[in-house]
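Here are a few notes to read with the structure open beside you. Take the points in order, and find each residue as you go.

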Amino acid sequence: MGKLELKNLTLKLGGKNIVENISINFREGDIHAIVGPNGAGKSTLAQIIMGLPDYRDIEGEILFDGKPITGLTIDKRAKLGITLAWQEPARFQGVSVRSFLLAAARDKTEETVDLALKMVGLAPELYKDRAVDETLSGGERKRIELASIIAMRPKLVLMDEPDSGVDIEAINNIFSVIHKLKEEGTTVILITHSAEVLKEADHAFLLCRGKLVKKGSVEEMVCIFNGTYKTCECLAQPEAEAIL
Amino acid sequence: MNDRKLIDELLASISIHKHYPEGTAHVEIHGNRVIGVCLVDGLTVDSIEMKEGIGVTLRVAKGVKIKNPVHLCFGMIPETGVQRIEMKTVIEDDASVGFIAHCTFPNARKIDHIMQADITIGNNAWYSYMERHIHGDFGGIRVIPKAKVTLLEHARFVTEFELLKGRVGEIDIDYETVCGAHSVMEMKSRISGRGDDRIKIREAAVLKGEYSKGLLASNIALKDHASAEIYNDLRAEGAYAHGHVDCNEIVLGNAVAKAVPIVQVSNPKAHVTHEAAIGSVDSKQLQTLMSRGLCEEEAVDLILQGMLSQKN
């Protein structure tokens, strides 16, 4: 399970359509990429799906595993198995890595904490007692956030710009975790404007100015990437629905 | 209740069940009576019962370095009463000692805990005083600690006031420190208030000597209708004196927080900085934890625990 359906989703802020009439079915257990230039509405779409308070006043419907979740709060959606990895993870003054991961862990065990840290390439003995604060680098915080998602064992994870602020080694580690999540049946939705990240996906969706303008194979979308998004200007007509 | 039973009850309330580690000095004061004392070489404790309270003099002899922290347990088991302690502490030159003061009032309904301390830390001496309060859930307690601290040259003083368990009731802290040349002072407080708790903290320090250093830090979390007023007053007078004031307060519900920093520099070679943050829980922290399945209350608790556990 982990099937997500967006039906005619529209978000208006200040009289402007930030997201406009988007319909997508995300097949369970696959890796999907939502791509597009800055300001296309990619991160907003992820935050709408997660149910962030500023993005709850929407038109349309969101279904998860066939059930409507549009009216649910963040934690209720998380309890159903949806989670979000932020582009810039939050810092938690005084909260240890152990406490942070235990809070997320489904089984609340130390073993899960250790395992999750190892999966993101961090030695538990070196990190568990450190605080999730500015003493960690951006890349370390990104990995620790990913570890918290591993510990949670979600059905669907939204990852907003998973490669931002991390070095090559960390990126490769993040990619391997993404595929591990897929192996375990988790649906992964990558929010990105990086061709490298896009290549990790099974399916891709192109957003432009809040509209879905293209769905298709990763290979096809990489070609559009190489055109530095000029295609967005040409694709005036959004596809009514993308079903993969 | 005999003294042995009182000691047992006091210690049980702070989760120290009867025995301190071997070679650890400790003093227990219930109400206005010393009911238990165990000393180590170089540490003396004299007490005198007064008309309204008790006078206690703690002295660490010159050059003595006490390895294990000395445990002080102040408290009252009954629901009502007054504990008034006048404490004189002298840490002589080159001595070093750490105190852990447990202040426990587990059944408090109407208790006043009043402490008037006069502390002198000798040349090149080191003194730490960690004060941990354990209160009941009723909040019927007034805690009024006042201290005047003098640091001589190259002395070091670290104190931390912590009240995280149980209700604060009413608290009025007033600490003043004067720092000699090359001395180092840190005064920190970590308090969690709820209900109609009232918190007032005044921490003042004068960095009088050259190269003296000072830190005043407060982390306060408030819920319900609790209120807090924090006055941090740091003045640098000595050449190359360096000080910092840091005040963090999180307010939830109908709580009210006020921070009044006073920083003053009267020597062109001195330097003092100040940071203060008052506000609600950071929304991104909250949303991150909620997106891992914590309900809002659980997420707020974890964030507050983190903020209050910061060591600055």
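1. Let's start with Ser96(B), which sits in strand S7 of chain B, a strand covering residues 96-105. Keep in mind throughout that this is a predicted model.

2. Is Ser96(B) buried or exposed? Its relative accessible area is 15%, and buried means under 20%, so Ser96(B) counts as buried. Leaving aside residues up to four places away in sequence, Ser96(B) touches Val64(B), Lys65(B), Ile66(B) and Trp126(B).

3. Next, please look at how the two chains meet. Chain A brings 27 residues to the contact, and chain B brings 18 residues. Together the chains bury about 1700 Å² between them, and carbon and sulfur atoms give 62% of that area. On the chain A side, the residues that lose the most area to chain B are Asp75(A), Trp86(A) and Phe92(A); together they make up 27% of what that side buries.

4. How many salt bridges are there between chain A and chain B? The count is one. You can find a salt bridge where the side chain of Arg292(B) meets that of Glu145(A), with 3.3 Å from N to O.

5. Now for the empty spaces. A probe the size of a water molecule, rolled over the atoms, shows where such space is left. The largest pocket holds about 470 Å³ of space. Its lining is made of 25 residues, and those nearest the centre are Arg91(A), Gln93(A), Asn248(B), Asp282(B) and Gln285(B).

6. Which elements supply at least two residues each to the lining of the largest pocket? From chain A there is strand S7 (92-96). From chain B come strand S17 (242-251), strand S19 (271-279), helix H2 (283-290) and helix H3 (296-309). Sorted by class, this lining of the largest pocket has ten nonpolar, seven polar and eight charged residues.

7. Finally, visit the second largest pocket, with about 250 Å³ of space. It is lined by 15 residues, and the closest to its centre are Ala104(A), Arg106(A), Met152(A), Arg292(B) and Gly293(B). Helix H2 (74-80) and helix H3 (97-104) of chain A each give at least two residues to the lining of the second largest pocket. By class, that lining divides into seven nonpolar, two polar and six charged residues.

Notes: Residues numbered from 1 in each chain as written. Chains lettered and ligands numbered in written order. Predicted model: local features only at pLDDT ≥ 70, side-chain atom pairs only at ≥ 80, totals over all residues. Heavy atoms only, no water. Helix = DSSP H or I, 4+ residues; strand = E, 2+ residues; numbered from the N terminus. Buried < 20%, exposed > 50% of the residue type's maximum accessible area, 1.4 Å probe, protein only. Contact = heavy atoms within 4.5 Å. 1 Å grid on protein atoms, 1.4 Å probe; cavity = no way out; pocket = protein on both sides within 12 Å on 5 of 7 lines; lining within 4 Å. Points joined across faces, edges and corners; volume = space filled by probe spheres on them. Nonpolar A, V, L, I, M, F, W, Y, C, P; charged D, E, K, R; others polar. Buried area = accessible area lost by both parts, 1.4 Å probe. Salt bridge = Lys/Arg side-chain N within 4 Å of Asp/Glu carboxyl O.
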